[in-house]
Amino acid sequence: MLFTKYLLLSLLVVEVQLFLHQLESFLFVNINDTVKIQCSSKEQFLAGGITAQWYRRREGEAPMLIKRCSDNQNVNKVACISEGHNLTLEIYNAQWNDSGVYYCTNSYIILTFGYGSTLIVGDSYITSSWVLTLAPSPHGLLSPRMADLACVVHGVSNPVQISWSFSGDLQEQGLMHSLKAKDGSFVFINHISVPMDTWTSGKNFTCEVKFNSSGKHVRKIARYMEASSTVHPSGCMLQTVRYTVVVFLGVLMVSVSLAWSLCGSNPGSNHLCPTGV
């Protein structure tokens, strides 16, 4: 039963890949700006997009339908514009609470979703925000073939953009998860796995976090350090703490990934989705 459900969701992911494409993965705008989020399809949208819809998923919340392209409701705030193979959602007078991940959908025959565009309005950085990189010590590698690195962004009010570079070359966005704190702030954990020979090559692995449209960002660097034959007790304790944190993050990431394997391709499945990314 579980395998059948997973197979059906996998087929839905294939459907997404074949039909819908959202051009921007991240958009940063200032408060009161007009936002344009674009989506394209291999097939033309029917009759001006009458089967198209837009969903928004805020951090810690289930996805919510915010615009049916076939209706004229709330046109002073949001508008849906369809031109052949292209669909655009326009948001006027954008505010902080408009931040979230936006999905274009097409409900013709089967409901399909784009991969999502993350909109960040204003500044996600607050006084409690900080950034930390976590990397395995020479004594704490979890796998002989791969090294797991994590970039932790703590205490932010909205989504942030996290990317990794290896000695200056942009490599990947990584796998993102989030947790919501009791005070309403968020913790984002971005995880990458790199081959062991790449990790031990002496390169700098830089996590870059962008919080707002001004372009200001925070960079944190992780680098492999060869094991020393003599280790100070305090250094041993620090490595133990780092190893424990990495193990915890690994377990957390696997758990969240398994949950999202069941619901990540269908943002409307509220009863399956965890409250994080």
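Mentor: We will go through the disulfides and then the nonpolar cores. Keep in mind that this is a predicted model.

Trainee: How many disulfides does the structure hold?
Mentor: Three.

Trainee: What makes Cys39 and Cys104 a disulfide?
Mentor: Their sulfur atoms are 2.0 Å apart. The cut-off is 2.5 Å, so the pair counts as a disulfide.

Trainee: Why is Cys39 called buried?
Mentor: Its relative accessibility is 1%. Buried means under 20%, so Cys39 qualifies. Cys104, at 0%, counts as buried too.

Trainee: What does the pair of Cys39 and Cys104 tie together?
Mentor: Cys39 lies in strand β3 and Cys104 in strand β8, so the link joins parts 65 residues apart in sequence.

Trainee: Why is the disulfide of Cys151 and Cys207 called left-handed?
Mentor: The torsion about its S-S bond is about -75°, so it is left-handed. For Cys69 and Cys80 the torsion is about 70°, so that disulfide is right-handed.

Trainee: Which strands hold Cys151 and Cys207?
Mentor: Cys151 is in β12 and Cys207 in β17, so parts 56 residues apart in sequence are tied together.

Trainee: Which residues have the most contacts inside the largest nonpolar core?
Mentor: Leu149, Val153, Ile162, Trp199 and Val209, in a core of 24 residues. Strand β12 gives the most to this core, with five residues. Another core, of 20 residues, lies apart from it and includes Leu20 and Val78.

Key: Residues numbered from 1 in each chain as written. Predicted model: local features only at pLDDT ≥ 70, side-chain atom pairs only at ≥ 80, totals over all residues. Heavy atoms only, no water. Core = buried A, V, L, I, M, F, W, Y, C linked by side-chain atoms within 4.5 Å. Buried < 20%, exposed > 50% of the residue type's maximum accessible area, 1.4 Å probe, protein only. Helix = DSSP H or I, 4+ residues; strand = E, 2+ residues; numbered from the N terminus.
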